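Please look over the model below before reading my comments. My notes follow it as numbered points.

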Amino acid sequence: VITLPNDSVYLFVLKMRSQDDVNVSVDISFKSPSGLYLSAIDHPLLSFYAFMSALYLGYAILWFIISMIQWKELLRIQFCIAVVILLGMLEKAIFLGVYESLNLNGYPNHLAFYIAELFSCLKRTFARVLVIIVSCGYEIVKPHLGPTLNKIIAIGVLYFILGSLEATLRIYKPKS
């Protein structure tokens with residue numbers, strides 16, 4: 001057993017030669033001192049997603065309390081803000097679960113990671129569409145967007161499709 005002094009990026013080379021036909025079994029395990037599998041590069045992401053999940057949960061609770069206090073004056077746009085907060089909370093919780101699972105068993109769950117990326121695309125799409133809608137004056141200057149709404153929805157759908165395609169290629173494309 002070899003123990004390395006620091007968490008870092010290491011190059012491991014295993015070379016075996018034999019003159020005879022010999023069956024050899026080699027068991028290699030890369031674990032941190034605590035016995036977990038995340039690398040030094042990915043380990044900060046675990047605490048980041050835990051912090052962000054807690055932060056989004058705090059935002060959601062705060063937004064719910066403020067919305068309950070001011071429920072008579074709420075605009076429809078404020079419900080859209082609540083959806084963005086909810087999507088962000090779900091996205092960070094799924095990413096936390098993905099990295100926790102990777103940390104515990106050492107194998108990446110590509111489907112769960114892909115679902116987290118889709119939630120990320122959905123949240124970013126919804127947030128950007130919300131910014132465009134507010135920039136067009138919805139519920140501030142104009143009560144309705146009229147034909148502009150169809151264009152904004154088309155832009156949002158296109159953004160979601162392209163973001164999902166980028167996430168799919170990033171996750172499933174073989175790394176060279």
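1. Basis. This is a predicted model, in which local features need pLDDT of at least 70, side-chain atom pairs count only at pLDDT 80 or more, and totals for chains, interfaces and linings use all residues. Residues are numbered from 1 along each chain as its sequence is written, and side-chain values use heavy atoms, with hydrogens and water left out.

2. Fold. The protein chain has 4 helices and 0 strands. From the N terminus, its elements run α-α-α-α. Helices (H or I, at least four residues) and strands (E, at least two) are DSSP runs, numbered from the N terminus.

3. Overall form. The protein chain has a radius of gyration of 23 Å, well over the 16 Å that the globule rule gives for 176 residues, so it is more spread out than a compact globule. That radius is taken over C-alpha atoms, and the rule is 2.2 Å times the number of residues to the power 0.38. Along the principal axes, the C-alpha atoms fill a box of roughly 85 × 35 × 20 Å.

4. Burial and contacts. Of the 176 residues in the protein chain, 24% are buried. Buried means under 20% relative accessible area, exposed over 50%, and partly exposed in between (1.4 Å probe, protein chains only). Among contacts between residues at least 6 apart in sequence, 70% join residues at least 24 apart. Contact means heavy atoms within 4.5 Å.

5. Aromatic pairs. How many aromatic pairs does a search of the whole structure find? The search finds 7. The rings of Phe48 and Tyr49 are edge-to-face, because their centres are 5.1 Å apart and their planes stand at 65°. Rings of Phe, Tyr and Trp (its six-membered ring) pair if their centres lie within 6.5 Å; planes under 30 degrees apart count as stacked, over 60 as edge-to-face and the rest as tilted. Phe48 is partly exposed at 37% relative accessibility, whereas Tyr49 is buried at 11%.

6. A pair across helices. Tyr114 and Tyr172 form a tilted pair, 5.7 Å centre to centre with 55° between the planes. Tyr114 is in helix 3 and Tyr172 in helix 4, so the pair ties together parts that are 58 residues apart in sequence. Tyr114 counts as buried at 19% relative accessibility; Tyr172 is partly exposed at 44%.

7. Cluster and pocket. One aromatic cluster is formed by Phe48, Tyr49, Phe95, Tyr99 and Phe113. Tyr99 and Phe113 are also among the residues nearest the centre of the second largest pocket, as are Asp42, Leu102 and Pro108. A pocket is an open set of points on a 1 Å grid over the protein atoms alone, where a 1.4 Å probe fits, with protein on both sides within 12 Å along at least five of seven lines; lining residues have an atom within 4 Å of a point.

8. Pocket volume. The second largest pocket has a volume of about 380 Å³. Grid points are joined across faces, edges and corners, and the volume is the space filled by probe spheres set on the points.

9. Loops. Tyr107 sits in the loop between helix 2 and helix 3 and is exposed, at 63%. Its C-alpha atom is 9.8 Å from that of Leu38, 69 residues away along the chain. Lys142 lies in the loop between helix 3 and helix 4 and is partly exposed, at 36%.
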